[in-house]
Amino acid sequence: MPLDYAASRGRLCKYHSTYYYEEFGWVSYYDEETGTFGKLCGKPDCTHEDISCNAYISEFGHLQVYDGMLYFMGEMGALYRMDLSGNQREAVMNVRILSGANGTWMIHRGYIYTSVFVNRVENGENFVNYSLCRYPLGSSAAQEMIFEKDFDQLIADDWMISGNSLFLSFSQGLWGKRELYHYDLDTGELTELISGSYSGSVSNFQLTEDGIVFAEKDKERIRVTKYDFSTGDLQKLHEWNDANDYLPGLSIHQNLILFYKPFIDLDSEQLTPYRVLKTTGEEVFTGAIDGSAFSVNFYGCDNTGFLLERIYHTEVETSCELWRISYDTGEAEMLIR
C-alpha cells in the first residue's frame, strides 16, 4: 500500500516520475521528467471522450500502481488493470460493490483490501455498518473479514497498512468518539489502541517508526498529536488557535503542516488560500492558488510537496485540477487539469 497518497483514498498515486490521478472517472497522468500530462490511453486515434477510451474507469474508479501495472475499479466491483502506457486493459477479478459511503480499496502484498459504510435498518432502528475485508489478488476465493462494526451514525475512517500492520482510525466529529485499532495481518490479532470521547476529528495521519502522527481539527483549532507505540500514550505536540475555516495536512516527514480551506465562498473569494507552517509552531509560507474553488481536497504528500485537488465550476461543466505546493518555496504548481 503506498502510504504517501493514502489521504486521497485511491484517487492519486505515483510510480517513478509519473503521477496517476483519477478525476471524475478518468485516469490522467503527469510526467515530471517531460512535463507532459493528459489522459492515460495508448489506443491509436482515440478521441478520449467516451467509454471506449482506455482512460475511462467509471465513476467510482480509484487506482493504484502495483507490480508494474495500473489497477482500477470498474462497475459492480470489477477490478481491472492495464500497463502504464494505457494499453493491455484487462479484467482481473470481482470484489464486493463499494457503492456505499466512503468506499475504498487498496492492494498490499498479494491481497486487495476493501472498506465501506452501508446504511441498514434492523427492528426499526437505523444504523451504519462498517466493514473492512480482503481477497487474494486475482483469486475467486471468498472474502476474509478483517474488521466489522455498527455505528449509530456515519463517521470518518482512515486506514493504512505497513508490513503486516494495519491501522484503522475512526472519528465521530466534534465532541464525538475516537477509536484507533491495530490488526496484525499475520496472526489475525485485533488490538484497540484508543477509545473514548474526544474533542475534534482526525483529518489525516501518518505512520512513523515509533508511532502515529495525527493532524486534527477542533472547531477553530488545528493540532498535531502523536500516539506512541512504546508507551501507548496519545500526546499533543502542537496546537494553533487561529485555523478558522482551514483543515490540516501533514508533510512526508511530519515537520511541516499545510492549512487549506476545503470550501471557498464563491461570492467573496477569487483565490484559494493556504498556509504552510512548521509542526513546531511557526508559519513558513502563505500563498493562494489563482481562481476560486467549489472545494479543495488534501491528497497526501511526497518528498517534493503537498498535493491538493481543486474542484471548480464553469458555465458548462465541473472541472478539477491537481496542484502541488512546494516544501522549499511554498509556491503552488498545477500538475494536471
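## Cysteines

C133 is buried, with a relative accessible area of 0%. C41 is buried too, at 14%. Buried means under 20% relative accessible area, with a 1.4 Å probe and protein chains only. This is a predicted model, in which local features need pLDDT of at least 70, side-chain atom pairs count only at pLDDT 80 or more, and totals for chains, interfaces and linings use all residues. Residues are numbered from 1 along each chain as its sequence is written, and side-chain values use heavy atoms, with hydrogens and water left out.

How many disulfides does a search of the whole structure find? It finds 0. A disulfide here is a pair of cysteine sulfur atoms within 2.5 Å. C41 is in no disulfide, and its nearest cysteine sulfur, that of C53, is 3.7 Å away.

## Aromatic pairs

The whole structure has 22 aromatic pairs. Rings of Phe, Tyr and Trp (its six-membered ring) pair if their centres lie within 6.5 Å; planes under 30 degrees apart are stacked, over 60 edge-to-face, and the rest tilted. F117 and Y130 form a tilted pair, 4.8 Å centre to centre with 55° between the planes. F117 lies in strand β10 (residues 111-122) and Y130 in strand β11 (residues 125-136), so the pair ties together parts 13 residues apart in sequence. Strands are DSSP runs (E, at least two residues), numbered from the N terminus.

Both F117 and Y130 are buried.

## Charges over rings

The charged end of K39 sits over the ring of W26, 3.8 Å from its centre. R134 lies over the face of Y111, at 4.2 Å from the ring centre. The criterion is NZ of Lys or CZ of Arg within 6 Å of the ring centre and within 35 degrees of the ring normal.

## Pockets

The largest pocket holds about 770 Å³ of space. A pocket is an open set of points on a 1 Å grid over the protein atoms alone, with protein on both sides within 12 Å along at least five of seven lines; lining residues have an atom within 4 Å of a point. Grid points are joined across faces, edges and corners, and a volume is the space filled by probe spheres set on the points. Of the 29 lining residues, A7, R9, S203, Y260 and N297 lie nearest the centre of the largest pocket. Strand β25 gives the largest share of this lining, 5 residues. By class, the lining has 12 nonpolar, 11 polar and 6 charged residues. Ala, Val, Leu, Ile, Met, Phe, Trp, Tyr, Cys and Pro count as nonpolar, Asp, Glu, Lys and Arg as charged, and the others, Gly among them, as polar.

The second largest pocket has a volume of about 240 Å³. Its lining includes W26 and K39, along with E23, E317 and R337. Strand β27 (residues 318-326) supplies the largest share, 3 residues.

## Cavities

There are 3 cavities of 30 Å³ or more. A cavity is a set of points where a 1.4 Å probe fits but cannot get out. The largest cavity has a volume of about 180 Å³. Of its 18 lining residues, A6, A7, D158, W159 and M160 are closest to its centre. Its lining has 11 nonpolar, 4 polar and 3 charged residues.

The second largest cavity holds about 50 Å³. Among its lining residues are P2, Y5, A6, R9 and C13.

Definitions and conventions
Helix = DSSP H or I, 4+ residues; strand = E, 2+ residues; numbered from the N terminus. Buried < 20%, exposed > 50% of the residue type's maximum accessible area, 1.4 Å probe, protein only.
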